[in-house]
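The following note sets out several points for a colleague examining this entry. Please read the points alongside the sequence and the coordinates.

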Amino acid sequence: MKIMAQMGMVMNLDKCIGCHTCSVTCKQAWTNRTGVEYAWFNNVETRPGQGYPRTYQDQDKWKGGWELKRGKLRLRSGGRVKRLLQIFSNPKLPTLQDYYEPWTYEYDMLISTPLGEHTPVARPKSLITGKPMKIEWSANWDDDLAGGPELAPNDPVLVKIRDQVTDRVKLEFEQAFMFYLPRICEHCLNPACVAACPSGAMYKRAEDGIVLVDQDACRGWRMCVSGCPYKKVYFNHSTGKAEKCTLCYPRLEVGLPTVCSETCVGRLRYLGLFLYDADGVSAAAATENEHDLLQAQLDLLLDPNDPIVQEQALRDGIPQDWLEAAKNSPVYKLAKVYKVALPLHPEYRTMPMVWYIPPLSPVVDALRETGNDAEEAGNLFGALEALRIPIEYLAELFTAGDTAPVSRSLKTLAAMRSYMRDVNLGREPRPEIPAAVGMSEEMIYNLYRLLAIAKYEDRYVIPKAHAETARDLEELACSLDVSGGPGQYKPGPFGAASSRPVPVAVETFHALKVRQTTEVLIPLDAVRMNLKNWHGNGTTND
Amino acid sequence: MNSTDILLWVALPYLTIAVFVTGMFWRYKYDKFGWTTRSSQLYERKVIRIASPLFHLGILAVLGGHIMGLLIPENWTDSAGLSEDSYHLMAVGLGAVSGACTLFGISLLIYRRRTNGAVFAATSKNDKTMYIFLTAAICLGLVTTLVGSGIIGDGYNYRETVSPWFRSIFLMNPQPNLMAEAPFSFQIHAVAGMLLFLIWPFTRLVHAFSAPVQYLFRPYVVYRERGPHDPGSRPVKRGWERVG
């Protein structure tokens, strides 16, 4: 057994209102550059819907992820030799049309058009060709079921369960059951993108399991893009390199949550550590029956409170404070202790590490519309039995079609709702409600604290990266002791703005925080622009 | 033999080698980020599906042909029992087929580059220059195949002049007189080839040297340590930074 730490995320879908704030802030932070205009490291999809890129879940078409062939795990797109033969033209690479053609508007026309009879208009202009274009698709074109009857039936998940569903029920389902699915890179334990990369440029960080692309080693073979079944690796068509969600590692390293988590209005994201057995990953991913994959994945996650695990973790080089963080990890609790969080498409066999709590609200809404007491445990349990289609749909997303874990998760949420209603209304709490889902009253209450109160420090338990030795070494080389340097606010040798450029991200975060809260007046010229967002027009001093 | 011959068949080859080697070294050391295929497949899929493999596999076959024809001395194949006639037949056959594939492939690629708006917008001046040199070398190469085989003219056994000259460069014993005797078509193809290698390190052609053969032997999932840098992103250093 080799224990490794993995930074994981859980998203509580009940709380997602589909506001796209996570997508927008992520875009501002990471992909507001030429070459990745079309890329959204974080996107929010309406379900049912086609997703982004269109129908990416249809693996018969895109051949992403892994499959079992004669009991052995291999990439669905074929073996190594086949992949090398395809580097000249990757047959499964989505084109820009499968994402969407990014555009801007001719804003300049609004002010530069000479006075005339007609009001000037800002026509859409392609960011790819620079020519005027017709906007026909975007990253969330079918948001809120827009174009429903035409577009939603092409949802690959819906197509899968269509056989079992009559038209009447399908229509009912589409009207009654809609939810949002925010997606980022899954930072899988068994990443297909990493396995598909011919250059070896993609890797999993040994410390926290974040999957990254080495920009200096990437040669632009594009196999990661087609290898990822979630289509969460993007090809920067300007630099010719692959880019992907970094789980905002510069923020995580100093203990801050990712941008998408931090800015989430619904406060639905949870970040924390999993401890897992790295030696067992391949075997777990090669589990024969797709329905057993979820359990295999859960079995990989180790109990951080188990003394044997702790001892082994320390031996395997996991620092003590990381072990403490793992003990308090909200994601471990939600996935393994309460068993309410489920992975997205475990049947891709990548062992994804972004988990989802399935949404109960559509069920509650449907129940309320029938005139019943929608928060009564008996009614809710009954409704969960009756509303087969939403559960089957959720099961296709989260459990390879096995409805039992989804039902279990939803019943737990229903029990929590029902039990806490009695508590909040001052009625006698009914211990039989938690008991019905195999939980104690205390567990239900803790789950309620975690999901409903959702304190910042409970949602994000992020241990800082360890770089003490590295920092010491760099300080010997005296490069940090300058203005804007990490942790140092003294001016450089030639005034406040001198010395080397400021590294992006978190180092400046703390520096700015000090500036904002300090009593001492800081001269204006010491305030720095973020050069990362500067697009070459004007000077940064404007 | 005159000074032009010295210039073309002694000075130019060594200049090419020097620029190519130092250029590749410099590029790899200082511009790993720019070392990429810069694929345009994202913009257009249908034409590239045929054109790109056709060109690349063709040019690999052409490379094989050059290794065979230039590096392996004639008396080796003779002693292996391969007669001049049968060698010639094989070389011309394979050379013409792979050359034609390459030429057809690159023609399609250039056509695509010019006519597809997105691909053309992504084409740099550097790319255009490179295409001129590359296409010139390929076309002139096909001409030499035709001349050498006797389809045009009387036929010519380049393995008695061009090949020994090529080897003499690397043996540090240049024999420009051999090349001076060769037909004009061979001379101009050789010059075009050398010019192509001169600009090679400074174009996207460098990606030819990162053929990912090691992929066949490495484990599927790669782990890497975070490395000894500060929390947060790596500090930006002045000017060219040593990579890796």
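Which residues does Asn190(A) touch, not counting residues up to four places away in sequence? The points below begin with that question; the model is a predicted one.

1. Surroundings of Asn190(A). Asn190(A) touches Trp66(A), Leu73(A), Val281(A), Ala285(A), Arg349(A), Thr350(A) and Met351(A), together with Val221(B), when residues up to four places away in sequence are not counted. Its place in the chain is the loop between strand E7 (179–183) and helix H9 (192–196) of chain A. With a relative accessible area of 5%, Asn190(A) is buried, because the cut-off for that class is under 20%. A polar atom of the Asn190(A) side chain lies 3.0 Å from the backbone oxygen of Arg349(A).

2. Met351(A), a contact of Asn190(A). Met351(A) is among the residues touched by Asn190(A). It sits in the loop between strand E14 (342–343) and strand E15 (354–357) of chain A. Phi of Met351(A) is near 55°, a positive value in a residue other than glycine. Most residues other than glycine have a negative phi. Met351(A) has 0% relative accessibility and therefore counts as buried.

3. Cys248(A). A positive phi in a residue other than glycine is also found at Cys248(A), where the value is near 45°. This residue belongs to the loop between strand E11 (241–244) and helix H11 (249–252) of chain A. Its relative accessibility is 7%, so Cys248(A) counts as buried. The backbone at Cys248(A) and at Met351(A) may deserve a check by the reader, given the positive phi of Cys248(A) and of Met351(A).

4. Cis peptide bonds in one loop. Which residues does the cis peptide bond at Pro48(A) join? The bond runs between Arg47(A) and Pro48(A), and its omega is about -5°. Pro48(A) lies in the loop between strand E2 (43–47) and helix H2 (59–62) of chain A. Pro53(A) is likewise placed in the loop between E2 and H2 of chain A. The peptide bond from Tyr52(A) to Pro53(A) is cis, with omega near -5°. Most peptide bonds are trans.

5. Helix H21 of chain A. Does the span of H21(A) agree or disagree with its number of residues? Helix H21 covers residues 403–424 of chain A, and at 1.5 Å a residue its 22 residues should span 32 Å; the end C-alpha atoms are 31 Å apart, so the two values agree. The helix is mostly covered, with 16 of its 22 residues buried. At its start, a side-chain oxygen of Asp402(A) reaches to within 3.3 Å of the backbone nitrogen of Ala404(A). Just after H21(A), Gly426(A) takes a positive phi of about 75°.

6. Lys455(A). This residue is in the loop between helix H23 (441–453) and helix H24 (456–459) of chain A. A relative accessibility of 41% means that Lys455(A) counts as partly exposed. Lys455(A) and Arg267(A) are separated by 188 residues in sequence, and their C-alpha atoms are 9.0 Å apart in space.

7. Chain B as a whole. The secondary structure of chain B comes to 9 helices and 1 strand. Read from the N terminus, the order of elements is α-α-α-α-α-α-α-α-α-β. Chain B has 244 residues, of which 44% count as buried. Among its contacts between residues at least 6 apart in sequence, 79% join residues at least 24 apart.

8. H6 and H9 of chain B. The axes of helix H6 (residues 125–149) and helix H9 (residues 184–199) of chain B come within 9 Å and cross at roughly 155°. H6(B) is therefore roughly antiparallel to H9(B). Their crossing is left-handed. Residues making the contact include Phe133(B), Leu134(B), Ala137(B) and Leu140(B) of H6(B), and Phe186(B), His189(B), Ala192(B) and Leu196(B) of H9(B).

9. H1 and H7 of chain B. Helix H1 (residues 3–30) and helix H7 (residues 162–170) of chain B have axes that come within 10 Å and cross at roughly 55°. The two helices are therefore oblique to each other. The crossing of H1(B) and H7(B) is right-handed. The contact is made by Trp9(B), Pro13(B), Tyr14(B) and Ile17(B) of H1(B), with Trp165(B), Ser168(B), Ile169(B) and Phe170(B) contributed by H7(B).

Terms used
Residues are numbered from 1 along each chain as its sequence is written. Chains are lettered from A and ligands numbered from 1 in the order in which they are written. This is a predicted model: local features need pLDDT of at least 70, side-chain atom pairs count only at pLDDT 80 or more; totals for chains, interfaces and linings use all residues. Side-chain values use heavy atoms; hydrogens and water are left out. Helices (H or I, at least four residues) and strands (E, at least two) are DSSP runs, numbered from the N terminus. The expected span of a helix is 1.5 Å times one less than its number of residues. Buried means under 20% relative accessible area, exposed over 50%, partly exposed in between (1.4 Å probe, protein chains only). A polar contact is a pair of N or O atoms within 3.5 Å; within protein, one must be able to donate a hydrogen and the other to accept it, and residues adjacent in sequence count only if both atoms are side-chain atoms. Axes are lines fitted to C-alpha atoms, for helices over the stretch in contact, and angles run from 0 to 180 degrees between N-to-C directions. Angles under 35 degrees count as roughly parallel, over 145 as roughly antiparallel, 65 to 115 as roughly perpendicular and the rest as oblique. A crossing is left-handed if the near helix is turned anticlockwise from the far one by less than a right angle, and right-handed if clockwise. Contact means heavy atoms within 4.5 Å.
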